[in-house]
Amino acid sequence: MTVTASTFDVIVVGARAAGAPAAMLLARKGARVLLLDRASFPSDTMSTHLIHPPGMELLQRWGLAERVVASGCPPVTGYRLDLGPFAIAGTPRGTTAAPCALAPRRFILDAILVDAAVEAGAELREEVLVDGLVVEGCVVRGIRGRTRAGATFEERARVVIGADGVHSSVARWVGAPITHEVPALEALYYAYWSGFPTDGEFQLYQRGARGFGVIPTNEGLTAVVVTWPVDEFDANRRDLLGNYLGAFESDPSLAERARAGRRETRLVGARMHNFYRRSHGPGWALIGDAGYHKDAVTAQGITDAFHDAELIARALDDAFSGRRAEAEALATYEHNRDTATRPMFDLTCQLASNDPPSAEEAALLAFIASREDATQDFLSVLAGTMPVDAFFNPRHLEKYDAVPESSPTVQ
């Protein structure tokens with residue numbers, strides 16, 4: 001059976017951290033929105049979990065922050081980057097509306113976002129498979145799909161948004177090219193643990209070729225991440241759990257916490273891709289991981305997805321209202337996204353490289369660890385409340401007393 005086609009202003013393919021907020025914001029602006037996902041909600045997905053203060057501020061603006069807090073997700077009040085000989089640890093600056101980060105489980109967060117989209121007026125269809133795009137000439141005009149029961153349907157819209165993740169089908173169908181890429185640097189695997197204390201911190205550890213992330217989340221659980229160089233990916237897959245558990249032995253404190261705790265779930269993980277895709281064209285756009293993705297070491301994915309939702313909603317509202325031509329509005333969206341995210345992209349790739357710091361870099365990091373003001377500024381970079389290029393500007397570094405000479409900058 002074929003369901004009769006109808007017309008929407010926007011069809012959003014993918015209803016998670018980027019797609020659901022985009023659908024919500026566009027519906028709030030009066031657009032007729034269809035939101036599609038192959039999953040049903042609530043459901044889980046692989047995630048970096050952390051919503052940094054700028055992301056929490058967006059949730060506050062959208063009227064959703066209280067729902068996340070009410071889920072029982074604990075506040076993340078401290079950040080820690082432990083490099084072995086020393087650690088940079090403290091409290092980053094928050095924002096006026098969001099003093100700290102939270103790291104909710106995705107089955108909780110995504111359900112909140114989807115519910116908000118529906119409340120705003122978006123039409124939600126769960127458990128549907130999008131099989132392709134409707135294209136007339138060179139312009140995307142809609143999608144073709146089918147339900148789990150096998151009923152096929154075709155829907156049309158002025159714009160189709162691909163919010164369907166790093167392996168985006170929408171990106172593949174429109175032939176969106178990679179515009180910038182850093183080959184995968186590491187693989188990441190995590191599980192949820194009970195009895196694995198965090199002291200309310202988002203913790204990063206570097207121990208030789210192994211990296212760790214420790215993130216407090218709902219139900220008293222901790223997401224415990226282990227990374228290793230991407231050239232070990234295939235070999236380590238033969239015994240994922242053994243390699244994951246064995247990594248803790250590189251640090252006595254982590255090993256002790258692992259022995260005292262209990263792993264409650266199976267491992268989830270993947271290679272960490274780093275790229276930008278061309279993210280707009282006639283009748284289509286890409287947001288979230290579909291358009292831009294980087295290693296999870298700085299845990300920026302959810303916050304970036306929220307910012308994408310705001311940018312694309314603003315761009316399409318401009319186009320639909322006639323304030324801007326659609327092509328110009330979508331090009332502005334992509335330009336603004338790339339400009340805002342590129343410094344953190346570069347810093348993230350540098351942190352994910354597992355290359356030992358140069359003597360100059362080590363001296364700068366040790367100096368930062370020794371100073372409360374420098375520590376707060378650096379951790380605020382990771383939290384997204386201080387721009388990367390503002391911190392690593394030589395003029396800014398000179399403001400600290402006795403900063404090491406010839407301090408490096410992040411490229």
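Me: A crossing is left-handed if the near helix is turned anticlockwise from the far one by less than a right angle, and right-handed if clockwise. Which hand does the crossing of H9 and H10 have?

Reply: It's right-handed. Helices here are DSSP runs of H or I, at least four residues, numbered from the N terminus. Keep in mind that this is a predicted model, where local features need pLDDT of at least 70 and side-chain atom pairs 80 or more, while totals for chains, interfaces and linings use all residues. Residues are numbered from 1 along each chain as its sequence is written, and side-chain values use heavy atoms, leaving out hydrogens and water.

Me: At what angle do the axes of H9 and H10 cross?

Reply: Two packed helices are described by the angle and the distance between their axes. Here, H9 (residues 301-321) and H10 (residues 326-352) have axes that come within 8 Å and cross at roughly 160 degrees. Axes are lines fitted to C-alpha atoms over the stretch in contact, with angles from 0 to 180 degrees between N-to-C directions. That makes H9 roughly antiparallel (over 145 degrees) to H10.

Me: Which residues of H2 are buried?

Reply: Buried means under 20% relative accessible area, with a 1.4 Å probe and protein chains only. In H2 (residues 53-62), seven of the 10 residues are buried, so the helix is largely enclosed by the rest of the structure. They are Pro53, Pro54, Gly55, Met56, Leu58, Leu59 and Trp62.

How values were computed
Helices (H or I, at least four residues) and strands (E, at least two) are DSSP runs, numbered from the N terminus. Angles under 35 degrees count as roughly parallel, over 145 as roughly antiparallel, 65 to 115 as roughly perpendicular and the rest as oblique. Buried means under 20% relative accessible area, exposed over 50%, partly exposed in between (1.4 Å probe, protein chains only).
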